[in-house]
Amino acid sequence: MSQILLAGGAGFIGSHTAVELLDTGYEVIIADNLMNSSAKSITRIEQITGNQLKFYQLDIRDTEKLEALFQENDISTVIHFAGLKAVGESIGKPVMYYRNNIDTTLSLLECMNKYNVKNIIFSSSATVYGEENPVPYNEEMKKGSCTNPYGWTKAMMEQILEDTAKSDKSMSVIILRYFNPIGAHETGLIGEDPQGIPNNLMPCAAQTAIGIRDHLTIFGNDYDTPDGTCLRDYIHVTDLAKGHVKAVEYAQKNKGVEIFNLGTGNPYSVTEIVETFEKVNGVTVNHVYGPRRDGDLPNCYANADKAMKMLGWKTEKTLEDMCRDLWKWQQMNPNGYKD
Ligand code: NAD
Ligand code: WQD
């Protein structure tokens, strides 16, 4: 089967996608500069699948090295995960975010054009629906105003990809808008390995349960939601990874641009998910309620019908699975890949 390049594939979502692609029979090539990941994830992917993959440690913006990679291989499809993703950091360092995220996309598109690679799948985010759209979000809605530079990089990269596909009708561009990916591989061998203090809820909850952090602060319990805390569409990272396999199959058979939400369509509150994590794992997550976090929307969840209809994809894992698998990863790797 054809070779799939995973740009940024050593990270959280890329490593899980590599496992699913290898299990389906694809050849996988990962290119990553490891700025937010570890080479250990590569050996773990090989351990889980019993398959080998090719790994290039390089910055996607380094076009000379990227070109060499395209020359040495026969890539049919690129999956573009490479980017910086911490919302708070992007507010303090917008130029770094625009430089890295936009430049990786441009380098990939230039190389693809030069080496006649026509299919690209892009990691976008529900954040592009912005503040204006009502939930559940569907792909027909216009993009909204993002609350931070990270979100704007995603909105801009979507535009760049759409314009590129318009200029070359032989291309297939698939934009995947992820909701809130959490959990870990069921083996506990790969998972999310935040550097420093985690920004996202569930890594913070797991680190609190294991004693790395003293407590979790729940940001706001005065929202207009059933229990006052925000609602989100949490999706198991393995379900998300399987969505990429479906997207590869689709991209290889169709041309043009398609956007798909990858979410479950089921919103859960912060309090609900923290309590579920405690219950299924028999642990305590010390938590306090604090003020709202700037930029948080009360409610964010997907209408996931389009991916089901057109990709034949639907989520299989429950909220309990997400919490159980995250805890297994946290227990087996208390310091992430650092041990
Ligand atoms: P991650 O940080 O674990 O993975 C991204 C990978 O890209 C890392 O391994 C990093 O080292 C690599 N990278 C970054 N810049 C690079 C560069 N210039 N050259 C080479 N490698 C580079 O993040 P993730 O959670 O796996 O997210 C993957 C993609 O999905 C990102 O684009 C992210 O913005 C997007 N996304 C993530 C979430 C989420 O909640 N995790 C939600 C929506 C969208
Ligand atoms: C979830 C809920 C917080 C931490 C972000 C990006 C999005 C996508 C996924 C990127 C919110 C609450 C959190 C904590 C808390 N990213 N929370 N205490 O903000 O929905 O989405 O990550 O690539 O683009 O915006 O995810 O996990 O940060 O927050 O109470 O310590 O948990 O307020 O309601 P979010 P999150």
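Predicted model: local features only at pLDDT ≥ 70, side-chain atom pairs only at ≥ 80, totals over all residues.

Residues are numbered from 1 along each chain as its sequence is written, chains are lettered from A and ligands numbered from 1 in the order in which they are written, and side-chain values use heavy atoms, with hydrogens and water left out.

Among the residues of helix 5 that are buried are Tyr 97, Asn 100, Asn 101, Thr 104, Leu 108 and Met 112, where buried means under 20% relative accessible area (1.4 Å probe, protein chains only). The buried residues of this helix pack against several elements, including strand 1 (3-7), helix 3 (63-72), strand 5 and helix 6, contact being heavy atoms within 4.5 Å. Just after helix 5, Asn 116 takes a positive phi of about 60°.

Helix 5 also supplies at least two residues of the shell around ligand 1, as do helix 1 (12-24), strand 5 (119-125) and helix 6 (149-167), and strand 5 gives the most, with three residues. In total 28 residues surround ligand 1, with Ile 13, Asp 32, Asn 36, Ser 37 and Tyr 150 the closest; a residue counts if one of its heavy atoms lies within 4 Å. Around ligand 2 there are 19 residues, and Tyr 150 is one of those that come nearest; strand 8 (residues 216-219) provides the largest share of that shell, four residues.

The table lists polar contacts of both ligands (pairs of N or O atoms within 3.5 Å).

| Ligand atom | Protein atom | Distance |
|---|---|---|
| Ligand 1, oxygen | Phe 12, polar backbone atom | 2.9 Å |
| Ligand 1, oxygen | Asn 36, polar side-chain atom | 2.7 Å |
| Ligand 1, nitrogen | Ile 60, polar backbone atom | 3.0 Å |
| Ligand 2, nitrogen | Thr 217, polar backbone atom | 2.7 Å |
| Ligand 2, oxygen | Phe 219, backbone N or O atom | 2.8 Å |
| Ligand 2, oxygen | Arg 232, side-chain N or O atom | 2.5 Å |

The protein covers 87% of the 680 Å² of accessible area that ligand 2 has on its own, and 96% of the 820 Å² for ligand 1, both by the Shrake-Rupley method with a 1.4 Å probe.

How values were computed:
Polar contact = N/O pair within 3.5 Å; in protein donor to acceptor, adjacent residues only side chain to side chain. Buried < 20%, exposed > 50% of the residue type's maximum accessible area, 1.4 Å probe, protein only.
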